[in-house]
Amino acid sequence: MNTKPKGTYDILPEEVGKWQKLEDLIRKVCKLYNYQEIRTPIFESFDVFHRDQNDSSDMVTKETYDFLDRSDRKITLRPEGTAGVIRAYIENKLYVSNPVSKLYYLGPMFRYERPQKGRYRQFHQFGIEAIGSKSPLIDVETIALAKSILSGLGITDIKVKINSLGDSESRENYKKVLVNYFSNYQDCMCEDCKTRLQKNPLRILDCKIDRGQDFFIKAPKIKDYLNEESKNRFNEVLKALDGLNINYEVDDNLVRGLDYYSHTVFEIEANITELGNQNVLCAGGRYDSLVKDLGGPDTPGIGLAFGIERLLIATDLIGKKLNKLENNHVYLITLGPKAQLEGFKILNTLRLGGLRCEMDYLNGSLKSQFKKADNLNSLFTCILGDEELENFKINIKDNTTDVQETIGLYDVYKYVLNKLMANNKCAKCKESGDKNETND
């Protein structure tokens, strides 16, 4: 029997509702912040992700899916969303019509890494990119958008960790300091960090293996090597966060896993014990040189990304139910072949009118059809037999009141619609009455 590839999984029908609810929330929040959706190819040219020989990030050096197509072009399945969006931004000259382009993406990414809960080889990512502005305020707006999504999911116990990598001058000066410092501790460093020392010493600070060692803890901090411009910019970011009452913690070792970041970098952690070391739900940062590196104009940008799988795990852990079963409007029970054919036509009319409907296609017993109507949470059950068909009548039961009536065969749509509108009106009246009682 064929099975799914290692590190992938199937999203079954009973789980898809969660995804759709989350995606709906994401799109609503992005609309509030005036971000527009962009959809880029799942695969790109190899050079889009492998731009810099000195890029020592695990994603670039170890985890990408690279292959030759039938014309010997080197292709990479996208491991993250930002580079593809920037490529599209440049190729389609979005900077001409929009001085500041605010874009979001949602879709599958691919990384060859060790599968574990919340981390897969095919995973799904939501991200935003704000391209064209250097303003510290747009850095903070990015964090505020992420916080809005988490709040919408009921995830409010969070911590924003933030740092500044400074401009290119600050980073180059700091890299020299790190090389001088860590060169004295090469015998104590993991093999990856020994390589990073030669290629990109800043990435040593992202190491999970050496993090607890004394020499690592005492390493020089980038805040002490930021030039005045970078310091002032970071202070403006923190001041704007204070203005929005967003709690944060400055983390001197936060550098993020990709080498194109500059100035602001951040992560948002959820205080959910069961997540363990998977508690980072969102991360991002500023990339003021990436557009130029990919062949576009010298344009600043900032972005963030959520792992959808991890976000769904977090919502489950706090008891947030995203896949609540929706009501089926009408379930049609038919008795006999003539009734089944005419009932099929009636269902089509109801669906064209926007009602969610179902009927039996297995010629099941009356008992099994009633059970199916219950399983689908049907609001109304219709029963049509040959006798009713001859008299152009149909029996319909309101499952919320258990009241059954006989109505005209072609009056089902009007009947159900009137009932739904009346129930909705009653619910609103009750809600209004409850408010008035509270006010009294």
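1. Phe 370 lies in helix H14, which spans residues 366–375; helices (H or I, at least four residues) and strands (E, at least two) are DSSP runs, numbered from the N terminus. Because its relative accessibility is 32%, Phe 370 counts as partly exposed; buried means under 20% relative accessible area, exposed over 50%, and partly exposed in between, with a 1.4 Å probe and protein chains only. Together with Leu 335 and Leu 366, Phe 370 makes a nonpolar surface patch of about 230 Å². Patches are made of residues with over 30% relative accessible area and no salt bridge, like charges being joined within 9 Å and nonpolar side chains (Val, Leu, Ile, Met, Phe, Trp, Tyr) within 5 Å. Accessible areas come from the Shrake-Rupley method with a 1.4 Å probe, and for residues only the protein chains shown count as cover.

2. The model is predicted, so local features need pLDDT of at least 70 and side-chain atom pairs count only at pLDDT 80 or more, while totals for chains, interfaces and linings use all residues. Residues are numbered from 1 along each chain as its sequence is written, and side-chain values use heavy atoms, with hydrogens and water left out.

3. Helix H4 (residues 82–91) is mostly covered, with nine of its 10 residues buried. Among them are Thr 82, Gly 84, Val 85, Ile 86 and Tyr 89. The cover over the buried residues of H4 includes strand S2 (43–45), H2, helix H5 (94–97), S5, S6 and helix H11 (290–293). Just after H4, Lys 93 takes a positive phi of about 50 degrees.

4. Within helix H4, Arg 87 and Glu 91 lie four residues apart, about one turn of the helix. Arg 87 forms a salt bridge with Glu 91, and the closest N and O atoms are 3.0 Å apart. A salt bridge here is a side-chain nitrogen of Lys or Arg within 4 Å of a carboxyl oxygen of Asp or Glu. Arg 87 is buried at a relative accessible area of 18%, whereas Glu 91 is exposed at 54%.

5. The structure holds 21 salt bridges. One of them joins the side chains of Glu 269 and Lys 161 (3.3 Å, N to O). That pair links distant parts of the chain, with Glu 269 in strand S9 (residues 262–270) and Lys 161 in strand S7 (residues 158–164), 108 residues apart. Both Glu 269 and Lys 161 are buried. The side chains of Asp 402 and Lys 397 also meet in a salt bridge (3.7 Å, N to O); Asp 402 is exposed at 56% relative accessibility, and Lys 397 is partly exposed at 24%.

6. Rings of Phe, Tyr and Trp (its six-membered ring) pair if their centres lie within 6.5 Å; planes under 30 degrees apart count as stacked, over 60 as edge-to-face and the rest as tilted. The pair of Tyr 65 and Tyr 112 is edge-to-face, because the ring centres are 5.7 Å apart and the planes stand at 75 degrees. This pair connects distant parts of the chain: Tyr 65 is in the loop between helix H3 (58–63) and strand S3 (66–68), and Tyr 112 is in the loop between strand S5 (101–110) and strand S6 (122–131), 47 residues apart. Tyr 65 is partly exposed at 27% relative accessibility, and Tyr 112 is partly exposed at 46%.

7. The rings of Tyr 181 and Tyr 185 have centres 5.1 Å apart and planes at 45 degrees, so this pair is tilted. Tyr 181 is buried at 16% relative accessibility, while Tyr 185 is partly exposed at 28%. Ring pairs join Tyr 181, Phe 182, Tyr 185 and Phe 215 into a cluster.

8. Charges over rings also deserve mention. The charged end of Arg 121 sits over the ring of Tyr 112, 4.0 Å from its centre; the criterion is NZ of Lys or CZ of Arg within 6 Å of the ring centre and within 35 degrees of the ring normal. Lys 74 lies over the face of Phe 46, 4.1 Å from the ring centre.

9. Val 412 is found in helix H16 (residues 412–439) and is buried, with a relative accessible area of 1%. Val 412 touches Leu 350, Cys 382, Ile 394, Ile 396 and Ile 407, not counting residues up to four places away in sequence; contact means heavy atoms within 4.5 Å.
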